[in-house]
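Please consult the sequence and the model while reading.

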Amino acid sequence: MLTNEERIAAMHSRAEQLEKEKQQKFARRMQVSSVAAGFVLVILLAAFLSDVTGRLDTDGMNGNMNASILSDTAAGTVVIAIIAFMLGIAVTVFCYKIKRK
């Protein structure tokens, strides 16, 4: 038979456990939604930038393989590279967190 003090201690222990589980579920939802928002943002930016870079003037290149990073139309390429790098970081962090759980 449990005493009243033991019952109260068990009740408080269970309440702490439930609160901890609730916080973990919230943190997990926030992580998944953040990664999903990041993916959507990257996809939208890539679609937008592909449209922008498609309208750029490329007549100055004359079909040569110039160093595009040094040309005037390199802004789209650089921005897409930065976005791809950020996406790689997001995927790496997401996979690391999944493996850690």
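Q: In which helix is the place of I82?
A: The model under discussion is a predicted one. Helix 2 covers residues 75–100. The place of I82 is therefore, by its number, in helix 2.

Q: Is I82 buried, partly exposed or exposed?
A: The relative accessible area of I82 is 46%. Buried would require a value under 20%, and exposed a value over 50%. Because 46% lies in between, I82 is partly exposed.

Q: Which residues does R7 contact, leaving aside its neighbours within four places in sequence?
A: R7 lies in helix 1, which spans residues 4–54. Its relative accessible area is 39%, and R7 is partly exposed. With neighbours within four places in sequence set aside, R7 is in contact with M1 and L2.

Q: How far apart in space are S34 and A90, C-alpha to C-alpha?
A: S34 has its place in helix 1, and its relative accessibility of 47% makes it partly exposed. In sequence, S34 and A90 are 56 residues apart. In space, their C-alpha to C-alpha distance is 9.4 Å.

Q: What percentage of the residues in the chain is buried?
A: The chain has two helices and zero strands, and its accessible surface comes to about 8,500 Å². Of the 101 residues in the chain, the buried share is 6%.

Technical notes: Residues are numbered from 1 along each chain as its sequence is written. This is a predicted model: local features need pLDDT of at least 70, side-chain atom pairs count only at pLDDT 80 or more; totals for chains, interfaces and linings use all residues. Side-chain values use heavy atoms; hydrogens and water are left out. Helices (H or I, at least four residues) and strands (E, at least two) are DSSP runs, numbered from the N terminus. Buried means under 20% relative accessible area, exposed over 50%, partly exposed in between (1.4 Å probe, protein chains only). Contact means heavy atoms within 4.5 Å. Accessible areas come from the Shrake-Rupley method with a 1.4 Å probe; for residues, only the protein chains shown count as cover.
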